[in-house]
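Visitor: Hi, could you walk me through how some helices and strands are arranged in this model? I'd like to hear about helix pairs to begin with, then sheets.

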Amino acid sequence: MRAFWAIIRKELLEFLRSYGLLIVVLYSFTLDVYIAGNGINLDARNVSVGIVDYSPGFISNKMLSDLHYPQFQEPVFFASQERLNLAIRNKEIMVGIVFESDFEKRFHTGNNPVLNLLLDSTASAQSYLALNYIQHILMRFQDTLSLAPIEIQIHKLFNPNTSYSYFMALAELLSIITLLAVILTAAVFVKEKENGTWDIMLLMPTDAKAVILAKSLSQVIIVMIGTIVCVGTVLFGIFDLPINGSLAAFMLLTFFYAFTSAGIGLFIASVARNIMQIAQLSVIIMMPLIFLSGAWTPVYAMHPILEYLSIISPLRYYIQGSESIFFRGTALIDLWEYFAGVIVLGGVMFWYGFRKIGKLF
Amino acid sequence: MRIGVIKAYFKKELLDIYRSKLILMVYIMPSMLLILFGYGIKTEVTHTRTLIIDNDQSKVSYDLVSTFEHSKYFNSDVKNLSENRALNLIKQDKKDLIIIIPEAFEKHLLKGLKTSVGVYIDGSFPSRAKTIENYVNGVIYDAIMKRSGSEVDRALITINARNLFNQSLRDEDMIVPGVIGLVLLIAPAVLSALLIVKEKENGTIFNFYSSSVKKIEFLAAKILPVLLLHGINIFILFLWAIYLFGVPFRGSFLLYTFSSFIYIIISLSVGLLVSIITSSQIVAYVLTLIVTIIPGFLYSGMLMPISSMEGESVIEAHIYPVMYYTHILYDVFLVGDGLSASKNLLYLLILVGYAIILLGIGSLLLKKRIA
Amino acid sequence: MNRLQVRKVSVTYRKKTGLKPVNLEATGGEIIGLIGADGAGKSSLMHAIAGAKSFDGEIEFDNHIYRSPKEAEKIKGSIGFMPQGLGLILYEHLGVNEHLDFFADIRGIKQDSAFRAYRERLLHMAGLSDFTERQAGRLSGGMMQKLALICTLLHRPKLLLLDEPTTGVDPLSRMELWDILDDIIAKEKTLCIVSTAYMAEATQMDRVLLFEDGEIIDKGKAGELVEKVRPFSYEAAPEPFENSITIHGYTYSLKPLELKSKEPTLDAVFFINFLKKYGPIPEISIVHKDRDEDVPATIMEAKGLTKRFGKFVANDYIDMELNRGEILGLLGANGAGKTTFIKMLLGLLPIDEGELFLLGKRIESPDDRQMLKAKIGYVSQHFALYKGMSVRENLRYFANMHHIESRRALDLIKEHANTLGFYTYLDALPTDLPLGINQRFSVAAAIMHEPVVLFLDEPTSGVDVVARAIFWEMLQRLKKEWNIAILVTTHYMGEAEFCDRVVLLRDGKKIADDTVKNLYQIHPDAHNFEDIFLDYYNLN
C-alpha cells in the first residue's frame with residue numbers, strides 16, 4: 001500500500017511540474033469547454049434576408065415586420081431578382097423572399113397567392129430552419145385573420161429556451177474527459193519508456209498490478225479534478241447550466257468512465273513506443289468510438305449495423321447517462337442501464353488493457 | 001536556391017516519413033475524418049421515437065396519426081397513457097416526442113372552433129429538438145390544410161421555396177465540403193510542425209545550423225514533402241466526396257485543385273509558425289490541434305453560416321483563412337460559378353495573399369541558430 | 001592559411017552564462033583539445049565558432065570575420081561540426097549510404113570520381129563498407145559515431161569541430177575514429193578542435209585548453225600542463241594528509257609533503273585544480289548497515305546464457321559468476337552484448353537459453369524474481385531519474401517503492417546525502433544538476449534498500465575526471481563496508497583496473513574472464529588496460 005500511494009503521489013507531482021502539459025489540461029477543462037459552449041450555435045439565428053418586393057403593400061409590410069432579431073437580420077431590399085440571386089451566390093444573403101407583382105391582388109381575391117422563397121441550402125440545416133420560421137410567421141399572420149383554427153402547444157422539456165451553450169459545453173466536457181483520460185494514461189507509461197526509467201520501474205519490488213493500478217488511478221484523479229473544476233467554473237459558473245438530476249451520480253459515472261478510458265490508454269501504451277505514436281493511435285481508436293457513441297447522430301437513427309456496433313461503445317452509455325442526469329433529471333433507479341453499460345464495458349476494456357500492459361512487466 | 005540541397009532534404013524527408021510509419025497518419029487521418037464526419041454529422045433527424053396519445057379517436061385524428069406513422073422522420077407508437085406516465089418516458093430517454101390530441105378535436109375543427117394539440121419534446125439535444133419541432137409543425141399544418149375546405153384553402157398563402165444549390169437538402173452536400181476545408185487545415189499543419197520540431201528534438205537540426213544550407217532552402221525542403229503528400233489527399237478527398245457521399249461537383253476542377261494547393265501552403269505555414277515556438281513534439285502536436293480544430297470548425301461555415309455571425313466572431317471569421325477556402329469549396333461543389341463570380345476571385349486572391357504573408361512571417365521568424 | 005582567431009567571445013543562455021570572454025588562436029593542421037567538467041563552456045565555444053549560436057565578440061577564420069551566426073554563413077561551407085551526443089546528427093531511419101548521399105547533397109558536393117574515391121576511403125576507414133544499407137537506428141554506438149564523423153568530413157572542411165566524439169564509444173571504435181581523424185588532418189591540413197573526456201586522448205593533441213565555469217583556466221601542450229602540477233604529485237600516502245587528495249595511487253597536495261614524487265598524468269591537473277578551488281575532496285563514506293543477512297558467497301551464476309534477436313545472437317552461451325565483496329567489470333565494444341547480458345540478469349529481457357542462479361536460487365519464472373528484487377540495486381545508463389521531482393522527492397519515491405517506513409526513509413535520505421556529498425542539492429531538480437551529482441544520487445537511490453548486489457551500466461559515461469574518481473571511491477567503500485557484489489560496465493579502460501575481476505565480451509561471446517593482475521601477466525607488453533583490451537580485439 002505504501003508503494004501504491006507513493007506512485008500516485010509521484011505521478012501527480014510530475015504532472016504538476018510539467019507545466020506545458022498542466023497548461024494544456026487546464027485549458028482543455030476551462031477555456032476549450034467555454035469556447036465550444038459559447039461559439040457553436042446550430043440554430044438559425046441572425047439569418048440574412050434579402051427582399052425583392054414587386055408589389056409593395058399591406059401584406060408584404062406586415063410580413064416583413066415579423067422578420068426580426070434574433071432569428072433574422074434587418075432585411076435588405078434588392079431592386080431585381082438577379083441582384084438578389086447574386087447576393088445569395090456570394091453568401092451575403094441566405095434567404096431571399098420575392099413578392100411577385102400580383103401577390104397582393106391574389107391575396108385579396110383569394111386566388112392562390114404564392115410567396116417565392118430562395119434559400120441558400122449549402123447550409124441545409126439553417127435554411128430548413130429559416131424556412132420553418134417563415135412558415136410559422138405566415139401561419140400566425142393568417143391565424144390573426146382567423147383562417148387556421150389550430151394551435152400547436154409546444155413544450156420543450158428540460159431546456160425550454162433551446163440553449164446551445166448547455167448542450168455544447170456538456171458535450172465538449174465529455175469529449176475532453178474521454179480524450180484526456182486516454183492520452184494521459186498512455187503517456188505516463190510511455191514517458192517512462194522514453195526517459196529510460198521503464199527498466200527501473202520494472203525492477204521495483206512492487207507488484208506489477210499495483211503499479212499499473214496506481215498509475216491509472218493517478219490519471220483518473222487528474223481527470224476527476226479537471227471535471228470538478230470544469231463543472232464548477234464553466235458549466236455552473238459561466239453557463240449557469242441547470243442540473244435536474246444528481247451531481248453525485250454524474251461524478252460516480254464519470255469515475256467509472258474515466259477508468260474505462262484509462263483502459264484504452266493502457267492498451268495504447270502497451271503498443272506505442274513514443275508520444276508521437278500515442279497521438280496517432282489515440283486519434284485512430286477514439287474517433288470511431290466517438291462516432292458510435294451517438295454524440296453526433298442519435299443511435300436509433302443510425303444504420304442498423306452501426307446501431308448494433310454502438311452497443312459496445314462505452315461512450316454511448318456515458319453520454320446518454322450524463323445527458324439524462326443533467327437535462328432529463330432521470331431518477332437514480334432509471335440510470336442503472338447507463339451504469340451497467342459503463343461498468344461492464346469499462347471493466348472489459350480496463351481488464352484487457354491491464355493484461356496487455358501487464359505482459360510488459 | 002540550390003536544387004541539390006532541396007532534393008536531398010526532400011528525399012530524406014519522404015524516406016523518413018515512410019519508414020517511421022508517419023505515412024499512415026498522412027493518409028489515414030484525413031480520409032477517416034472525412035468519412036466519420038460525413039456520416040456522423042446529421043442535421044436531419046429521422047426515426048424520432050414518438051408517442052401519440054389520441055384522446056379523440058375520430059376520423060380526423062386517425063388521419064393525423066397515420067400521417068405521423070407514414071413519415072420516415074417519426075417512429076410512432078399510439079398508446080393511451082396518462083400524461084404523467086408519458087412524460088416519464090421522456091425522462092427515461094425512451095421517447096423523444098409526445099403528441100397529445102385532445103378530446104373533441106374533430107368536433108372543434110369542423111365547427112371552426114379553436115383547438116390545440118399538445119406537443120412535448122425532449123430538449124436535451126437542442127438542435128434535434130428544434131428540428132423535431134419544425135417537423136411536427138409542418139406535419140400538423142399540412143394535415144389540416146389538406147383537410148380544410150376549398151373556400152379557405154384558396155385564400156391561403158402557399159410557399160414556393162427553392163432550395164438553391166442543394167435541392168434535396170442533403171446533409172452530405174453541406175457537411176462534406178466543409179470537412180475537406182477542416183481536414184486540409186489540420187493535417188498539413190500537424191505534419192509540417194512535426195517535421196521541424198522532430199529535428200529540433202533529435203538534434204539533427206544541427207545539420208542545418210552548421211552547414212551553408214540557406215534558410216529558404218531548408219524551408220522549401222520542409223514544405224515540398226508536405227505539399228506533395230497532402231496534395232495527393234486533395235484528390236483522395238475529392239474522390240470520397242463524389243463517389244462515396246455523392247456530393248455533386250458543379251464547378252471547375254482546376255479551381256478546386258489550385259485553391260486547395262494554396263490552402264495547404266497556408267495550413268503548413270501555420271504548422272511552421274507553431275514549430276518555431278515549440279521544441280518538443282508532443283507540445284507541437286497538441287498546440288497545432290488547438291489552433292486549427294476549433295477555429296476550423298467554427299469558421300468553416302459548415303455548422304453556422306458566416307452571414308449569421310455576430311459581433312467579434314465576424315471579425316475573427318474574416319481573420320482566419322478557413323472561411324475563404326470553404327467559400328470556394330462550396331462554390332466548386334454546389335454552386336459552380338467559378339471565377340466568374342467576383343467574390344470567388346477575390347477570395348482566391350486573399351488566399352494567395354495569406355499564403356505569401358504566413359510563409360514570409362514563418363521564414364522571417366525561423367532562426368538558423370540555437371535559441 | 002586556415003587561421004582561426006577567437007577574440008573575446010562569450011556566450012550567454014537565457015538564464016546563465018555559458019562562456020565568459022575567451023581568446024584563442026590556431027592554424028590548420030593543429031589538433032586542439034578542450035577538456036573540463038560538463039557545463040564548463042566547451043560546447044558553448046564550439047557552438048559559437050560553428051555559427052550555431054549567437055555570441056559576443058569576434059571570430060575570424062580563413063580571413064573572414066564574423067560576429068553572429070548570420071555573418072558566419074559564408075564560412076560554414078568550410079566548417080564541419082559534430083555536436084555532442086551519440087549519433088546526434090544522424091537520422092534514425094536513413095541508411096549509411098543514404099546518409100552520405102544526403103550530406104554530400106546538402107553540402108553541394110560535386111559527385112565526381114575523386115569524390116567517390118574519397119567517399120569509399122572514408123567508408124572503408126570507418127569499417128562501414130559492409131553495412132552501407134543498414135539504417136542508423138540499428139547501428140551500434142561506435143558505428144554511429146564513425147558514420148557521423150565521416151558525414152562531417154565529407155565536404156573536406158578546413159575547420160573541424162568535434163564535441164566529445166568519443167564519449168560512450170568503446171576503445172576500438174575510439175582508435176578507429178582517431179585513425180580517420182589523424183589521416184584526414186595530415187592530408188588536408190585541417191584545423192581540428194575536439195573536446196574529450198579521455199585524458200589519454202588529450203595527451204596526444206597539439207594543445208589543450210582547460211575549461212572551468214565558462215573560463216579557460218589553463219592552456220598549452222598536455223606536457224606543459226602536466227609539468228605545472230608535477231610539484232604537487234606524490235606517491236600515494238598510506239595515511240591521508242590534511243588538505244590533500246589521495247586517489248588512484250597518487251597523493252596531490254599544494255603544500256610540500258614528505259613523500260616521494262610521482263610522475264603525474266593529465267588527470268592530476270583536474271585534481272590540483274579541484275584542490276585549489278574547493279580544497280580536498282569531501283570524505284565519501286557509506287551509511288552503516290546493521291543487519292548482515294545470510295547470503296551465499298556466489299551471488300549470481302550464469303550458465304550458457306543466450307539471447308537471440310532474430311538471426312542475430314546478442315549473447316552466445318555466456319558463463320559468468322559474481323561473488324560477494326567483488327567488483328566485476330564487464331567490458332566490450334559497443335554492441336558486444338553487455339547491456340543485453342545485464343538486462344537478462346535483471347529479467348528485463350527473457351532468457352532464450354541457459355540457466356541463471358541468483359542468490360543460489362534458480363530463476364525460472366517471473367515469480368522467482370519478485371522476491372529477489374528487494375536484494376538488487378540497478379543504475380542504468382542515463383541515470384534514469386524522474387525529472388519532475390527534486391532529488392529528495394525522487395529518493396522518497398524509491399524508498400516507498402521498497403516499502404521503507406517513512407521516518408526511516410527520511411533519515412536514510414539525510415544520511416546518504418551527507419555521506420555521498422549531495423546534501424546541498426537535495427531540493428534541486430535533477431535536470432539542473434551536473435552529471436556527477438546525478439550519478440551519485442542515482443546510486444543512493446539504488447542502494448537505499450540495502451541490496452546485496454548492484455548492477456551499474458556505464459555509470460561514468462560523460463562524467464568528468466574528479467567526479468569519476470569520487471564515484472569509484474564510493475564503489476570501493478560500498479564493496480568493503482557492505483560486502484556486496486558489484487557488476488559494472490564502462491568504456492574507460494582505466495577504470496577496469498579498479499575492478500577485482502574483468503569479463504570481456506566480443507560479438508556476444510565471452511573471450512576473457514580473469515583478475516586484472518593475471519591479465520597483465522598474460523599480456524606483459526601492455527602499458528595499460530586499453531592495450532589488453534585491444535589485444536583481445538585485434539586477436540584473430
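**Helix pairs and sheets**

Guide: H10(A) and H14(A) are therefore roughly parallel to each other (under 35 degrees; over 145 is roughly antiparallel, 65 to 115 roughly perpendicular, the rest oblique). Their axes cross at roughly 25 degrees and come within 7 Å. Please keep in mind that the model is predicted: local features need pLDDT of at least 70, side-chain atom pairs count only at pLDDT 80 or more, and totals for chains, interfaces and linings use all residues. Residues are numbered from 1 along each chain, chains are lettered from A and ligands numbered from 1 as written, and side-chain values use heavy atoms without hydrogens or water.

Visitor: Which residues do H10(A) and H14(A) span, then?

Guide: In chain A, helix H10 covers residues 247–271, and helix H14 covers residues 336–358. Helices are DSSP runs of H or I with at least four residues, strands are E runs of at least two, and both are numbered from the N terminus. The axes are lines fitted to C-alpha atoms over the stretch in contact, with angles from 0 to 180 degrees between N-to-C directions.

Visitor: What kinds of residues make up the contact of H10(A) with H14(A)?

Guide: That contact holds 20 nonpolar, 5 polar and 1 charged residues. Here nonpolar means Ala, Val, Leu, Ile, Met, Phe, Trp, Tyr, Cys and Pro, charged means Asp, Glu, Lys and Arg, and polar is the others, Gly among them.

Visitor: Over to chain C. At what angle do the axes of H12 and H14 of chain C cross?

Guide: They cross at roughly 20 degrees, and the axes come within 9 Å. H12(C) is the helix at residues 391–401, and H14(C) is the one at residues 435–447. H12(C) and H14(C) are therefore roughly parallel to each other.

Visitor: Now sheets! What is the strand order in the open sheet of 3 strands in chain C?

Guide: The order is S11-S13-S12, with antiparallel pairing. Strands pair if DSSP finds at least two bridges between them. From one strand to the next, the twist averages 25 degrees.

Visitor: Which strands stand at the edges of that one?

Guide: S11 (233–235) and S12 (244–247) of chain C do. Each has a single partner strand, so one side of each is left without a neighbour in the sheet.

Visitor: How many bridges join S11(C) to S13(C)?

Guide: There are 3 bridges, and the two strands run antiparallel, with S13(C) at residues 250–253. Tyr250(C) in S13(C) is the bridge partner of Glu235(C).

Visitor: How about the 4-stranded open sheet in chain C: what is its order?

Guide: There the order is S15-S14-S17-S18, again with antiparallel pairing. Strands S15 (312–323) and S18 (361–362) of chain C are at the edges with a single partner strand each, so one side of each has no neighbour in the sheet.

Visitor: And how many bridges are there between S14(C) and S15(C)?

Guide: S14(C), residues 298–309, pairs with S15(C) in the antiparallel sense over 8 bridges. One example is Arg308(C), whose bridge partner in S15(C) is Val313(C).

Visitor: Last topic: what joins S1(C) to S2(C)?

Guide: A hairpin does, through 4 residues. S1(C) (residues 3–12) and S2(C) (residues 17–27) pair antiparallel over 7 bridges. Leu4(C) has Ala26(C) as its bridge partner in S2(C).

Visitor: In what sense does S1(C) pair with S4(C)?

Guide: Antiparallel, over 5 bridges, and S4(C) spans residues 56–61. Within that pairing, Asp56(C) in S4(C) is the bridge partner of Ser10(C).
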